[in-house]
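Biologist: I would like to learn how to read a helix and a chain contact in a model like this one. Could we take it step by step?

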Amino acid sequence: MVRYVIALGLALATLGLAACGGGDDGGGGIEAETLQPSDAKGASGKVTWCIGKDTSGAFNTAVDDFNQQNPNLEADLLELPESADIQREQQIQRLRAESSECDVLGMDVIWTAEYAASGWLYDLTPVVEELEGAFIPSTVETVEYEGKKWALPFNTNAGFLFYRTDEVPQPPTTWEDVYAEAKEGNGLVYQGERYEGLTVDFLELLYSAGGKVLSDDGETVEIDSPETREVLEFLQKGIEEGAVTKAVTTYEEESSRRAFEAGNATFMRNWPYAYALGKESAIADDFEVAKFPGYGGNPGAGVVGGYNLGISAYSDNPNGSLAFAEYLTTQPVQKEMFLKATLPAVATAVYQDPEVKEEIPFTEELLKAIEQAEARPVSPVYTEISEAIFNNVFEVLQGRQSPDEATSKMASEIETALQRF
Amino acid sequence: MEGKAERLPLPRSRRRSLFREERRLGAAMLVPSLAVIALVAAYPIFYAIWLSLNEYSVITPGLSRFVGLDNYVDALGSSEFWAAMKTTVLFTVISVGLELVIGLGMALVMHEAFRGRALLRAVVLVPWAVLTVVTAITWRTMFEPELGFVNSTLSALSLPGADVVWLGEEGYALAVMILADVWKTAPFMALLILAGLQGIPRDLYDAAKVDGATVWQRFRSITLPLLVPAITVALIFRTLDALRVFDLPYVLTKGANGTETLSLIAQRELVTNRNTGLGSALAVLTFLTVMAISFLYIRLVGGNIRALTKEQE
């Protein structure tokens, strides 16, 4: 027995030395090739666009139109699953295998840092700088990491307060009032399940309260603050006092929308996509969208959502990919996406379009909300940071953890995540 | 004596070498299948063990460092791991136990001759044929708060529990998960036990009847002992499956409210957080747990089978 242990130990030691030897190379800054705006001109060949499921048909229409207008190029849509988490997993599987299958990547705004740091993207700084005048500034922020720009903004998003016009004549302007009125009325629903959505809903309040997750340089954890404790207490009290049903701890976007449409809530926090669908539901005439409420005397600050378009470092056709990605950010396509799929445009001009204004009556509020919205922490370990947030917020909602405990646990877990090498 | 010696055509040494040759041939014929097993089973296992001894950079691709058993220390030192272990074991014991009882009952009913037996056997298997993910989504929808089938039925009948958030409470969430698993896999258990039942000779029962044994006595002394091999196989299959359960909690609760299983945390570290080292360590620990339990099974119940076959001889 002893002999085996020694042998095993020796074997492991050798393997260890081998690994150390291998581990020394690599490191340093991000190595990436840069694409210039001129690279897109005269491009030809095939381009595959990998993005989440085309539920509205708008992505396919865009691909068909592009192919008609660009006879030299042939774009193709590869639909990934509907869930953002699984889209990311599937893209990462391909990127780790250095597969050239995906050329243009539809990336949730929170993946930019991770993909860029891993060297999976072309540096698009010159391209974005030429085009960015047309985009809403907060959307451009989501493509930045380490001073460079890694993707073209494609669509954006910000949370909204939906309210029942037959129950509340005037929408409240602060979260404190929303909760008070929800308690009197039929309650508020939001995304309280243990997942990314809860991080977003929590950050909206935290940002409005003036709190932060990381320092501006992304190096230190700043979530252990009185603001965090206060927001957690506020959320916990909401459930305890009945302003929010306990059921929200199982709600995602779709389940909260169903509850609201079934008449089970006076207020709902959700993304704009719920508007068009709600207008086809039983409560079509009885709800509207309000300006995002403020908190603690501050104006409301949303969290930027949406997707960007990155170009895979393993693409066989980066020039053609750039041509296609640029096409997707042009006004007519952006307008089409906005109207057909309620994917809010990143191009400011689209919000002035009379047709858009008529179809989506809250465009002005939406533009304002997106302009004021802040980005989620930019970090290559974002998923772990978010996990630390939603896990601990969730335990507070469930009453299993005090806001104080949750705050310090969150901070230490984010600290651990930042220590990853 | 003489005649016997004459009938040995070969000298002793020649016989030995023939035997050795045959053994060598046997070993050679085993090589291809062993190579295949090594390729499909051993390689990934050892690769996972190797991965678990390293830490892989999530920031710089390709960068790694050897950390020895650090990942295991981290895993075993986290309350998350032990909570997942507790949940997994609890889930396995309760769900497999219920499946055994229900499956046995179903098998006994299906074994009786009656009209429409073939149809019943086919129908019973339907839940087993449904994909686990689909099962999970169905159960999740049924237990959706307020709007789901369960809560609206309870409220229509003015029964208590109409306002319980089933998947949002510790305990209830695990109960729903167990229920969904039992619903899906009891038929599988039933099928395996039914196969065992059909292997029991009829005349044993006839003899017992002649001896005046009651129904219960026949079940206790004939059916049950002779079913042990079939039940063992079914139990091993189901226990190993249940210990690795992933899709049910992933869909039902994403692991919230005391439903986080070993596979779920391993997958999260491996895939979502890209902590290849820690994730592999968790996977290896899951693997070891499963191995330990299957050895235990074979030791405890396997010995039983051997004793039984000897008795029959």
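Biologist: Which residues of α2(A) are buried?

Modeller: This is a predicted model. In it, Phe59(A), Ala62(A), Val63(A) and Phe66(A) are the buried residues of α2(A).

Biologist: Why do the buried residues of α2(A) line one face of the helix?

Modeller: The general idea is that an α-helix has 3.6 residues a turn, so residues three or four places apart point the same way. In this case, the buried residues of α2(A) fall within an arc of 100° when seen down the helix axis, so they line one face. Asn60(A), Asp64(A) and Gln68(A) are exposed and sit on the face turned away from that buried side.

Biologist: What covers the buried residues of α2(A)?

Modeller: The cover includes β1 (45–52), β2 (73–80), α12 (318–328) and α13 (331–341) of chain A. As for its span, α2(A) runs over residues 58–69 and reaches 17 Å from first C-alpha to last, close to the 16 Å expected.

Biologist: How many residues does each chain give to the contact?

Modeller: Chain A gives 31 residues and chain B gives 25. On the side of chain A that touches chain B, the largest share, five residues, comes from α1(A). By class, that side of chain A has 12 nonpolar, 11 polar and eight charged residues.

Biologist: Which element of chain A has the lowest mean pLDDT?

Modeller: Where pLDDT is low, the predicted coordinates should not be read in detail. Here the lowest mean among the elements of chain A, 36, belongs to helix α1 (residues 2–23), while strand β3 (residues 104–108) has the highest, 97. Across residues 1–28 of chain A the pLDDT is below 50. For chain A the mean is 89, and 93% of its residues reach 70 or more.

Notes
Residues numbered from 1 in each chain as written. Chains lettered and ligands numbered in written order. Predicted model: local features only at pLDDT ≥ 70, side-chain atom pairs only at ≥ 80, totals over all residues. pLDDT = per-residue confidence, 0-100. Helix = DSSP H or I, 4+ residues; strand = E, 2+ residues; numbered from the N terminus. Contact = placed C-beta atoms within 7 Å. Nonpolar A, V, L, I, M, F, W, Y, C, P; charged D, E, K, R; others polar. Expected span 1.5 Å × (residues − 1). Buried ≥ 20, exposed ≤ 12 C-beta atoms within 10 Å, placed from the backbone. Arc of directions from axis to C-beta.
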